[in-house]
Structures are given as C-alpha cells and as structure tokens.
Amino acid sequence: MKDANLELYKKMYLIRATEEKIRQCYPDNEIKTPVHLAMGEEAIAAGVCYALGPTDQVFATYRNHGVYLAMTNETDRFFAELYGKQTGLSKGKAGSMHIMSPDENLLGTSAIVASMIPVAVGAALTNQYKNNKRSVAVFFGDGAVDEGVFWESLNFACLRQLPIIFVYENNQYAINSHVSTRHGYRSLAGIVSRFDCPVFQSDTTDAEAIYHLTKNALRLQARSAKPVFIHLQYYRYLEHVGVNYDFEFGHRDKKEYQKWWKIDPVGLQRKKLLRFGLKDKELIKIEAGILNRIEASVRSAKQAPPANPNELRSDVYYE
Amino acid sequence: MSCAATFTMNKKHTITYREAINLAIAQEMRRDKNVFLYGLDVTDHKRIFGSTKGLLEEFGPKRCFATPLSEDAMTGVGVGAALTGLKPIFVHIRTDFLFLCLNQIANVISSYRYLSGGRVKIPLVIRAIMGRGWGQGAQHSKSIHALLAHLPGIKVVMPTQPADAKGLLVSAIRDANPVIVLEHRWLYDTIGIVPEDENFAIPIGEPHRLRQGKDLTIVATSWMNIEALQAADIMQKKQGVSMEIIDSRSISPLNYDLIYQSVRKTGHLIVTDYDWLYCGFAAEVVARVTEKCFSELKSPVSRIGFAPTPTPTARSLEDAFYPNAISIIKLVEQKLKLPKTNLSGETFYSYENKFKGPF
C-alpha cells in the first residue's frame, strides 16, 4: 500500500498546491472567473478517483478543481482556462465552473447544483446499454440533495439498476446555509438505504480509507449490478466562492475549522508516508517537483494569447 | 373541408402524420442500434397517440421504455446517454411538461458543447405534443417554440405535413445536436404522401412553400398552416386573391431567404404563428423581413397569434383565443383593402368531428 499512499499524496498535494497558487494569484485580478476552492476536500477527490478503473467516468460540481486534477494530473490547460486563454481546456469558454476533460473521462461539471447527477445517470445508462463494464462516479454536496432532481435521479438509477457510484460530500454548508437549516430529516444515509442502493458511510479524512471504501463500493456494484451510495464528510476551509477564509462573518465558527484542520487530509497523508519510512527529504523533492510544474503552468498561461474573439461563435452547434 | 383532406393527393400512397412519425422512429431504430426511445407512457396501450406503436414489440424494453414522471432527471439522463454515444429520443405527451425539463434544456443542453470548447456533442431528440381542444386549457396547450429557439445550441422544428413529420424527425435523430420536435395533436390525423425510402430526410432549417401566390405572403407555423391554406382557398375563390404560404417548418435555425423572396414578390406579409405574439417567433420574422425588405413592403408587416391570455377551457373562449382561417381572411381584407368576403357555404375545421371525450 506504500505506492498507493504515495500516489494519493501526490494527487492531494497537487490539488492543495494548485489551489494555494490560485489563492496567491487571485488578488492580481487576472483570473477572471469565480473560483470555488476545495481545500479540505482533497482526500475525497484523490481517494475516489484513484480507486476508479481507467475507463470509469466522472461528473462533478463547480467545486471541481480537485476532481479535475485527480483525474488528469494536468495543470497547463487548466491554468490557461482559468486565465481565459486560447490554450485553455475549452479555449476560454468554460472558466473554473465548467471544467471538463472528456478524454480523461471527466465528462462534465456544472454551476447549477445537482444538474450533473441525472447526466451521470444517463452515462450509466449507456454503460448498461452497451454492457461495457464501465462505472460512473458523480460527486455532489449536501446542497444538491435539497434538489428534487437528486431524488429523481436516485430513484431512476435504483429502478434500472444502473452502474453508478453516488459520491455525497457533506461539507455542511450550501453557500452559507448550514445543513441543520435545510434538511428536514435525520439521516440521509438512512433514507437512501431504503432505496435499492447500498450505502457506504465514513467521516474520515484519510485518503487511503476513502480509496478502500470506494474500491469496496465498486466491487459490490460489479457483483450486485446496483447503484452504490458513498456518504462522506469534509470541511470546506475557505469561503463558498473566492480565496479567503470567512469566519469573521459569524455564520460558521472558526473552532469547527480548527477541529478539522487537525485531521487535514494532506497533512495526515504526509505523516503516514513518513511513518512508512519515506524520508522528509524525498517528500520535499516530490513536492518541489509539483510546485515547479504549477509555477511553469501559471507562467505559460499568463504568456498565452487571450481567448480568440474569432472563436466566439464556434462550438455552439456541431457542424 | 376537413384538414385530413389537405395533403391528400393520391390516397393509395398516403399515410397519417402519426404513422409518419412512427415510421421515422422505427426506420432509424433499425438503422442505428444506438437509437432508443423513452418517456412516460411510451409503452402503454395508447402509445402516445399511436406514434410509438410497435416499437416495444420490435425493439424490446431496452430500446423502448417508460419512465417515472421525473421530467427534470429524465432530461438529464438523455443528455448523459447522448454525451456517451447513444441517440435518445425523449417523448412528452404535452409540450407544457417541457417546463419541468427547462433547467436541463437551458442550463445544460444549450451550453454543453460550447462549454466543452467543442469536445463533446449531444445528439438528443426531444419530441413534445401540443394539445388543443376539449378543454385542454392553460397547462396542456402551449407551443413554446419561441422560448426554446431563444436558446443558442438547440434546434427547434415544427413539422406540419406528414412528409415533414417523417423527414424532419429523421434529420433530428441523425443530427449531432440536440433537436426539439414539436408536433400538433390535431395534425396526427392529417394524411399525405410520405416517401418510404429510408434515406428520405428533410433538412432542418429550410422552410417550405406550401402554396404559390403573388398578392400576399403568409408565413405560418404548425397548425396555422392548415388555417392559412383554407383561408387562401377561400380568398382565391371568392376574391381572386392569390396568397403564398410558407411553412417555416424549422424555428431554429431557419434560412429566411425563401421568406424574403416571397415578400419581395408580394409586398405584403402576415405571420400566423401558433403562439402568443409578445416576444415571439412572429416578431422575429417580421423584424427580419423589415430589416431586409423594408423598401419592398406595400403594407406594414402583420402578425396573428394567440390572445394574450392563458389558454382558456370553454369552447366559446377557445374560439376567441385561437386565431383561425377567418381571422386570417379578415386581416387579408384589411391589408389589401378588399370588401368583406362572403363566407356563406364555407365549412371550417371543427375538432369535434375528430375528437370527442378526453384525448
């Protein structure tokens, strides 16, 4: 498991460092796209995506940087997209909130909460239709389950026994509204388990544990040919949108953050690797490599030509 | 006159609009195993007014299946299936239900390809039927083509003739883009010549001249073509007026050249839309004609459409709400400064001859 743990760490470090870089650059006002940073969520993005098979497909939310980086390990086109450049993933048409990478099976992310859930179920329908053994993972938060379309999608996936993993990431806040002000039931896992859908639940921030949990979910799914629901927790360190902390506004208590910071997924994983016998020096070298890559990506994104106005009208229709 | 006679030319080779839809779907499902059809009640004993008849039996429940109501999620399912290589046809028995799909249509379908920078395509077909008559009322009667056509990235068609019902649906299914097909319930019993040829397709975006004329141009959508054709017959007979009728067939995209040519020839334009007028398709057509043909117009452009109210239920209110051949005749008289047309002896379409009871 040492190699897997190192891979998980590399993914998480890449995510954390990329978002730290965004935080550092954002005040320059050159990244002109709303950013919803996922700091605190890294173990879920890394753990789930690393467990997926090479052809499995993923859909996610507007808080998508972690999933994108975990799926692609790519920062050049990513930063170019954030900087609104011609060399960006979608030539500047997507920005942060709609990032996708179909070639690497990240098929969609969306700024409308819950709107990718039924789309992911549709991809699962294709996989069942073609009997190609692919699975689909769809990420969504505790806000998404307030939407009717979540329940419609869960119902249909269970009805048709579609090969999909629902990845529920509870960070307790939909923008700034706490889950206790929105959910009129005691246990989401309890309700979902009454559907024809096994539920795996954990509140760990240990990427390895999430990786194993996802592997188990995938195994069960392959065996039972049913959707599986993974119920996870994390804490969003920063404000809903933007690069800052928001504890001074009083809607959430800094003590919450301090509690979660003690089990920060990136820090936990680093300590684990040291326990496994990796040297601090080795880790620093790996981290430096990742940081250099990010720096190079930002540099080339800044130098790239802006998104081309001649491209404004292309890609509306397939011609 | 009954509308069923309108497109009859040679009864031996004619089929109904519903059969034309059915034929298009069956042929495309045979041709391409990735095509599948789904929606509420597509497999029940009524089979969406007969348009999905035989599909379950021929293609099985994998390729033709009923769904929970869940219009929002079922639209997303179509998007996901289309995104990953299938060609879904999603069916709604009433157009009004599309409002439950509007988040997916407007926020996801419309922009998916664009946001991907051209890396994905969504070959999804959504069929929906416009209801009318027997008190369909405010929630079973909308057309909403203008609203849908307002969104970039989506194609919208409204076939009127049986041949178009087949040809446009074939084009929609083969298109790599999302296409919404709006069918009028009253057209289901019209009959016309429909080529059986598998390769027969009507290109999306091309209007069709239903009637040649020289005195006045009518651009019509869906059922309003039937009303316009009758109005034109009467005006020819009673007033010697020659009306040209252009069925737009497509709403978006639409090649306006045929419309411009016609208006340049006649100098008079009436758009008879099957919708409310405010911010509607008729407004789009008259705006474009005014931009392109201003100096050739002999009278101000005119529009006919629904009364600006929700759709009422009682027959007498429906009659006042929907425009018809008579409203068209009156407007033509006004525009061309004609005396009042003698309508005695004319029979106008009455749905009760076709439908009774709930439908």
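## Contact between the chains

In this predicted model, the contact between the chains draws on 33 residues of chain A and 32 residues of chain B, two residues being in contact if their C-beta atoms, placed from the backbone, lie within 7 Å. On the side of chain B that touches chain A, the elements giving two or more residues are α3 (71-83) and α4 (102-115) of chain B. Helices (H or I, at least four residues) and strands (E, at least two) are DSSP runs, numbered from the N terminus. The largest share on this side comes from α3(B), with nine residues.

By class, the side of chain B that touches chain A holds 14 polar, 13 nonpolar and five charged residues. Here Ala, Val, Leu, Ile, Met, Phe, Trp, Tyr, Cys and Pro count as nonpolar, Asp, Glu, Lys and Arg as charged, and the others, Gly among them, as polar.

## Basis of the description

Residues are numbered from 1 along each chain as its sequence is written, while chains are lettered from A and ligands numbered from 1 in the order in which they are written. The model is predicted, and local features need pLDDT of at least 70, side-chain atom pairs count only at pLDDT 80 or more, and totals for chains, interfaces and linings use all residues.

## Chain A: overall form

Chain A contains 11 helices and eight strands. Its radius of gyration is 19 Å, close to the 20 Å that the globule rule gives for 319 residues, so chain A is as compact as a globular protein of that length. The radius is taken over C-alpha atoms, and the globule rule is 2.2 Å times the number of residues to the power 0.38. The C-alpha trace of chain A spans about 55 × 50 × 40 Å along its principal axes.

Of the 319 residues in chain A, 46% are buried. A residue is buried if 20 or more other C-beta atoms lie within 10 Å of its own, exposed if 12 or fewer, and partly exposed in between, with C-beta atoms placed from the backbone. Among contacts in chain A between residues at least 6 apart in sequence, 76% connect residues at least 24 apart.

Helix α1 (residues 2-25) of chain A packs against helix α2 (residues 42-51) of chain A at an angle of about 135 degrees, with the axes 9 Å apart. Axes are lines fitted to C-alpha atoms, for helices over the stretch in contact, and angles run from 0 to 180 degrees between N-to-C directions. The two helices, α1(A) and α2(A), are therefore oblique to each other; angles under 35 degrees count as roughly parallel, over 145 as roughly antiparallel, 65 to 115 as roughly perpendicular and the rest as oblique. The crossing of α1(A) past α2(A) is right-handed. A crossing is left-handed if the near helix is turned anticlockwise from the far one by less than a right angle, and right-handed if clockwise. Residues making the contact include Leu8(A), Met12(A) and Ile15(A) of α1(A) and Ala43(A), Ala46(A) and Tyr50(A) of α2(A). By class, the residues of this contact between α1(A) and α2(A) are seven nonpolar, one polar and four charged.

Pro34(A) is in the loop between α1 and α2 of chain A. Pro34(A) counts as partly exposed, with 13 C-beta neighbours inside 10 Å. Leaving out residues up to four places away in sequence, Pro34(A) touches Ser96(A), Met97(A) and Val241(A). Lys133(A), in the loop between α5 (116-130) and β3 (136-141) of chain A, has a positive phi of about 65 degrees although it is not a glycine. Lys133(A) is exposed, with 11 other C-beta atoms within 10 Å.

## Chain B: overall form

Chain B has 11 helices and 14 strands. The C-alpha trace of chain B spans about 60 × 45 × 40 Å along its principal axes. Buried residues account for 54% of the 359 residues of chain B.

The axes of helix α1 (residues 17-31) and helix α6 (residues 162-174) of chain B come within 8 Å and cross at roughly 25 degrees. That makes α1(B) roughly parallel to α6(B). The residues of the contact of α1(B) with α6(B) comprise 12 nonpolar, no polar and two charged.

Ser252(B) and Pro253(B) are joined by a cis peptide bond, with omega about -5 degrees. Trp134(B) has a positive phi of about 50 degrees although it is not a glycine, and Trp134(B) is partly exposed, with 17 other C-beta atoms within 10 Å.
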